[in-house]
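Subject: Model handover

Hi,

Here is the model I said I would pass on. Could you open it alongside this note as you read?

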Amino acid sequence: MSVTDWETVIGLEVHCELATETKLFCGCPNDFGAEPNTYVCPVCLGLPGSLPVLNRRAVEFALRVGEALHCDVAEKSIFHRKNYFYPDMPKNYQISQYDEPVCGNGWLEVGERRIGIERAHLEEDTGKTSHVGGGGGRIHGADHSLVDYNRAGVPLLEIVSKPDLHSPEEARSYVAELRGVLEAIGVSDVKMEEGSLRVDANISLRRAGAEKFGTRAEVKNMNSLRSLARALEYEAERQAAVLESGDAVIQETRHWDEEAGRTHSLRSKEESHDYRYFPEPDLVPVAPSAGWRAQVRAGIPELPAARRTRLIDAWGISETDAGVLVSTPGLADFAEAAVAAGATATGRDVTNWVTGDLTAHLKETGAAPSELSLPPAGLAELVKLVGDGTLSRPLAKEVLAAALAGEGNGSPAAIVQARGLAQVSDEGALAAAVQAVLDAHPAEVDRYRSGEDKDRKKLRGFFMGKVMAEMKGRGNPQVLNRLLDEALPTNS
Ligand SMILES: [Zn+2]
């Protein structure tokens, strides 16, 4: 038996940090990367006597998500206190939503399948603990721990899927699609590596065809789509091995170790009664008016699925390319801006550059498209330089790399000028170079004349290489091919 005898059942909890200006219940800035403990006040530090005031913008963002995910948006939802002790949570409870969340019962289309959304609820984020030093102390082997409360009270929307996902790959596609939706509706910067989007996965196995769910494990600490898929693959195989050996899977929380490529047990999974939920007495219910909800609905922009269809139709690009453009944050915006900036830059040309060299660069540097030193108009310029024959493709790649490294102030034309890279199409200059190479290699020309087809092919490549070298890589290959054909002898 193997993993294929089992059906994998996966449900995901996605914590999305909402991109509000301020925190969920106080006026402290909601910003990443500031000096520790500089964005704090009595409310988010949980000092006695302080009172929370709900951020209207965070509610509006939750309503947007509800509309985009086809949820029932509750006419009334309330907050609860979720009680547990942790040093990075100064109140010793987290204000969250429990049995009356703001959104419920929606769906998201992933490929051909409709994945159910169980609920989406608002809650405050905790602070951040760092364990410092390696002195073998009692907490994770550290000497001591430091707590930063800048994140405490940052608004989160927890989006819980139904257990409708059946493979690690599908789980990955779901998160990619959800990330695209959240980005499109402008509620989050969706940076997984900065923790703006955090995914916990519940995964269990059951015999293929069985109705009853198996015991699930919750897996945490995946901070990229790739590590999500890897962690789930590992966990599915681990559970299959446990079940096949006749043992039972334990309900627990497991930690994904990216370096070791495995999960390990963190703690037995809490049940909701462990948290002693009770209604938050300091906050009134959230009751968005029908008018507000209608206004939010009317303001929902084009979502990724519709955008893919539009780009495929308008630009004649493949489904795969449209998928890459739309699922990478900021990439489709960049491509559309490039097409808009250049009269001769077609969607297809732009897509080729964007999904090729540009995406490779983004992956390598971790930059966002909007942070590139090459603006969309610069890419349009590059496409034009290739289109009018100024640059060959290899030269264009060189210019693009230079532009991405910061050369030319975002202008490929300036780089071409400064480096003297323009492609030479002048027939006189190219013909002279061809003749010079043939004159310099009489033995090869003789062998070409008397050669078999495959020798001739090889020799032709040799001549082309020599001519290109002569032209310092700048010869127009189309013109050179024709000139070589004319200049080389035939063997008839
Ligand atoms: Zn505060």
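First, the ground rules. This is a predicted model, so local features need pLDDT of at least 70 and side-chain atom pairs count only at pLDDT 80 or more, while totals for chains, interfaces and linings use all residues. Residues are numbered from 1 along each chain as its sequence is written, and side-chain values use heavy atoms, with hydrogens and water left out. Helices (H or I, at least four residues) and strands (E, at least two) are DSSP runs numbered from the N terminus, and two strands pair if DSSP finds at least two bridges between them.

**Sheets**

Start with the nine-strand sheet: it is open, runs in the order β2-β5-β6-β9-β1-β10-β11-β12-β13, and has mixed pairing. β2 (72–73) and β13 are at its edges with a single partner strand each, so one side of each has no neighbour in the sheet. Helix α2 (residues 168–184) packs on this sheet, touching β1 (6–17), β5, β6, β9 (155–161) and β10 (197–207). Contact here means heavy atoms within 4.5 Å. The direction of α2 makes about 110° with that of β5; axes are lines fitted to C-alpha atoms (for helices, over the stretch in contact), and angles run from 0 to 180 degrees between N-to-C directions.

Within the sheet, β5 (residues 103–110) and β6 (residues 113–124) are antiparallel and share seven bridges, with Trp-107 opposite Gly-116 in β6. At the other end of the order, β12 (residues 252–257) and β13 (residues 262–268) are also antiparallel, over six bridges. His-255 has His-264 in β13 as its bridge partner. The β12 and β13 hairpin has four residues between the strands, and Gly-261 takes a positive phi near 70° there.

There is also an open three-strand sheet, β4-β3-β14, with antiparallel pairing. Its edges are β4 (93–96) and β14 (278–279), each with a single partner strand, so one side of each lacks a neighbour in the sheet. Four bridges join β3 (residues 80–83) to β4 in the antiparallel sense, and one of the bridge partners is Ser-96 in β4, for His-80.

**A helix pair**

Have a look at α9 (residues 376–387) against α11 (residues 412–419): they pack at about 55°, axes 8 Å apart. That makes them oblique to each other, given that under 35 degrees counts as roughly parallel, over 145 as roughly antiparallel, 65 to 115 as roughly perpendicular and the rest as oblique. Gly-378, Glu-381, Leu-382 and Leu-385 of α9 meet Pro-412, Ala-413, Ala-414 and Val-416 of α11. By class, that contact has six nonpolar residues, one polar and one charged (Ala, Val, Leu, Ile, Met, Phe, Trp, Tyr, Cys and Pro count as nonpolar; Asp, Glu, Lys and Arg as charged; the others, Gly among them, as polar).

**Salt bridges**

The rule is a side-chain nitrogen of Lys or Arg within 4 Å of a carboxyl oxygen of Asp or Glu, and it gives 30 salt bridges. Among them is Arg-297 with Glu-67, whose closest N and O atoms are 3.2 Å apart. This pair links α4 (residues 290–298), where Arg-297 sits, to α1 (residues 56–68), which holds Glu-67, 230 residues apart. Arg-297 is partly exposed at 46% relative accessibility, whereas Glu-67 is buried at 19%. The cut-offs are under 20% relative accessible area for buried, over 50% for exposed and partly exposed in between (1.4 Å probe, protein chains only).

Arg-460 and Asp-485 form another, at 2.8 Å from N to O. Arg-460 is in α14 (residues 453–470) and Asp-485 in α15 (residues 477–487), so the pair ties together parts 25 residues apart in sequence. Asp-485 is exposed, at 52%. You will also find a salt-bridge network linking Glu-302, Arg-307, Arg-310, Asp-333 and Glu-336.

Which phi does Asn-221 have, positive or negative? Positive, about 75°, although Asn-221 is not a glycine. Asn-221 lies in β11 (residues 217–222) and is partly exposed at 38%. Asn-409 has a positive phi too, of about 55°; Asn-409 is in the loop between α10 and α11 and is exposed at 79%.

Cheers
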